[in-house]
Amino acid sequence: MGFRNTRDRWGVIAQGFHWLLAVLVIGMVGLGLYMVELPLGVRMLELYALHKSVGVLVFALMALRLAWRLANPTPAPAGPMKAYERRLAGVVHALFYVVLLSLPITGWLMSSAANFSVSVFGLFTLPDLVTPDKGLEDTLKTAHLWLGWTLMGLFALHVAGAFKHHMMDGDDTLRRMVPGWRRRA
Ligand code: HEM
């Protein structure tokens, strides 16, 4: 079991980042959409606090994942791919990094602009990034929401691509992201 990536497979660390972040991010979108519909109350405040804490965790994991990706080789495509397919996959993957780093930052900025400090699982509190400002808060809320929709669009493209490789092309693109995968002899 290799921890690092090679030219033809993902290592366990990259696979772990992939599935852990997939679960956290899907949960975060669901939680975000659910909590904004709740009436003001204890449950709503608890879920907002959870959303903020897990969002900061996602940011930290994404930063580590980016560092790991840059420090490791990227496996070559698992099967033949047209030039436009490669480009599309590359753009979607790059945008995932941009969006998943921007969502937490806009969330943190929005909380500061709304005069709420961000506590991370009650362990420590992040410094406020801006002074309270209602106009800025509203702009950041809109940006956060649109980044969320962009994320859902990227997710749909990403999953469609993975299943196209798996079902139509019959290659190992999806399988080799699963820990324990071995190339068939
Ligand atoms: C992976 C990271 C994140 C994702 C995927 C995400 C996603 C979302 C989504 C989908 C919504 C619902 C938007 C709406 O319907 O108006 C939302 C709302 C919100 N998010 Fe995030 N978020 C993330 C990180 C963060 C972080 C780190 C913070 C703060 C530190 C934060 C603060 C908020 C707040 C305050 C709202 C409610 C806005 C309102 O009251 O309208 N988010 N988020």
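Contact here means heavy atoms within 4.5 Å. The structure is a predicted model, in which local features need pLDDT of at least 70 and side-chain atom pairs count only at pLDDT 80 or more, whereas totals for chains, interfaces and linings use all residues. Residues are numbered from 1 along each chain as its sequence is written, and side-chain values use heavy atoms, with hydrogens and water left out.

**View 1. Overall fold of the protein chain.** The protein chain has four helices and two strands, taken as DSSP runs (H or I of at least four residues for helices, E of at least two for strands) and numbered from the N terminus. Along the sequence these elements follow the pattern α-α-α-β-β-α, and the C-alpha trace spans about 60 × 30 × 25 Å along its principal axes. Of the 185 residues, 32% count as buried, meaning under 20% relative accessible area with a 1.4 Å probe and protein chains only.

**View 2. Surroundings of Val58 in the nonpolar core.** Val58, Met62, Leu100 and Leu151 touch the most other members of the largest nonpolar core, which has 19 residues; such a core is a set of buried Ala, Val, Leu, Ile, Met, Phe, Trp, Tyr and Cys residues joined through side-chain atoms within 4.5 Å. Helices H1 (12-35), H2, H3 (83-113) and H4 each supply at least two residues of this core, and H3 gives the most, with seven residues. Leaving aside residues up to four places away in sequence, Val58 touches Leu21, Leu24, Val25 and Leu100.

**View 3. The iron atom of the ligand.** His51 and His144 are the protein donors of the iron atom, each through NE2 and lying 2.0 Å from it; donors are N, O and S atoms within 2.8 Å of the metal (3.2 Å for Na, K and Ca), and water is not among the atoms, so sites may look incomplete. Because His51 lies in helix H2 (residues 42-70) and His144 in helix H4 (residues 134-169), the pair ties together parts that are 93 residues apart in sequence. Both histidines, His51 and His144, are buried.

**View 4. Residues around the ligand.** The ligand is surrounded by 23 residues, the closest being Tyr48, His51, Gly107, His144 and Leu145, where a residue is counted if one of its heavy atoms lies within 4 Å. A polar side-chain atom of Tyr48 lies 2.9 Å from an oxygen atom of the ligand, a polar contact being a pair of N or O atoms within 3.5 Å; within protein, one must be able to donate a hydrogen and the other to accept it, and residues adjacent in sequence count only if both atoms are side-chain atoms.

Methods: Buried means under 20% relative accessible area, exposed over 50%, partly exposed in between (1.4 Å probe, protein chains only).
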